[in-house]
Amino acid sequence: MNWQAVSRLGEAQLLLPAALIAAGWLTWRLGAGATARTWLALLGMAIALTTFSKLAFMGWGIGVASLDFTGFSGHAMFAAAVYPVLARIATVQAPAMLQKMAMALGVSLALVIALSRLEIQAHSLSEVILGSLLGLIASGLALRWHPVSSAPSKPWTPAILLSCLAFIPWQTPPALTHRLVTQIALSLSHRSHPHTRADLHSHVSNASWLLTYRLG
């Protein structure tokens with residue numbers, strides 16, 4: 001499997017526009033404005049938390065060495081926050097069982113995208129798991145607090161939209177969000193280079209050596 005291509009399905013440049021389009025569809029075509037507003041608010045909080053975790057590590061080295069954690073996986077978070085909701089919208093007129101199956105497929109796709117981040121060694125296991133959980137909280141709470149009821153709508157429209165979005169990663173350059181976050185972190189922390197995963201574990205090793213030395 002081409003894990004790099006799968007990973008691109010979790011890029012912000014794909015899923016953020018998709019979320020905005022889906023929110024518009026929820027509001028003006030399905031009469032589910034409360035769902036859209038709640039979902040976007042939760043998604044916004046998830047994006048902020050993910051970004052903050054990356055800034056904190058790259059700029060100031062704040063991470064958890066025991067978990068090999070340097071920040072939430074943005075791809076995993078976005079995929080889990082967006083695809084289940086898109087699946088629900090695409091099956092708005094379908095029977096309840098088919099709706100549940102579609103949302104399960106949306107979650108499964110998000111998990112495959114999360115797995116791709118491990119396969120290409122972009123993140124650690126803790127970063128992928130926590131990123132996925134953060135995204136699932138955003139999509140799950142939005143749909144639980146404000147369920148989307150069936151409404152008169154042409155079911156093929158959102159399905160076609162999803163199909164078109166699926167081809168965007170192969171037609172657009174790789175996202176520059178990581179580079180942008182890195183530049184912001186360096187600017188705020190006044191560093192010339194960002195902290196790396198090696199730095200995280202090096203600090204722990206140095207601290208352990210110093211403690212052993214002093215106790216000895």
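**Close-up 1. Helix α3 gives the most to the lining of the largest pocket, with six residues.** In this predicted model, local features need pLDDT of at least 70 and side-chain atom pairs pLDDT 80 or more, whereas totals for chains, interfaces and linings use all residues. Residues are numbered from 1 along each chain as its sequence is written, and side-chain values use heavy atoms, with hydrogens and water left out. At least two lining residues come from each of α1 (3–8), α2 (12–28), α3 (33–60), α4 (74–90) and α8, where helices are DSSP runs of H or I with at least four residues, numbered from the N terminus.

**Close-up 2. The centre of the largest pocket has Lys54, His75, Arg117, Thr177 and His178 nearest to it, among 33 lining residues.** A pocket is an open set of points on a 1 Å grid over the protein atoms alone, where a 1.4 Å probe fits, with protein on both sides within 12 Å along at least five of seven lines, and lining residues have an atom within 4 Å of a point. The volume of this pocket is about 760 Å³, taken as the space filled by probe spheres set on the points.

**Close-up 3. Gln121 lies in the loop between α5 (96–119) and α6 (125–145).** Its phi is positive, near 60°, although Gln121 is not a glycine. Most residues other than glycine have a negative phi. Gln121 is exposed, with a relative accessible area of 73%, exposed meaning over 50% with a 1.4 Å probe and protein chains only.

**Close-up 4. His190 occupies the loop between α8 (177–189) and α9 (197–215).** His190, also not a glycine, has a positive phi of about 60°, and His190 is exposed at 72% relative accessibility.

Methods: Buried < 20%, exposed > 50% of the residue type's maximum accessible area, 1.4 Å probe, protein only.
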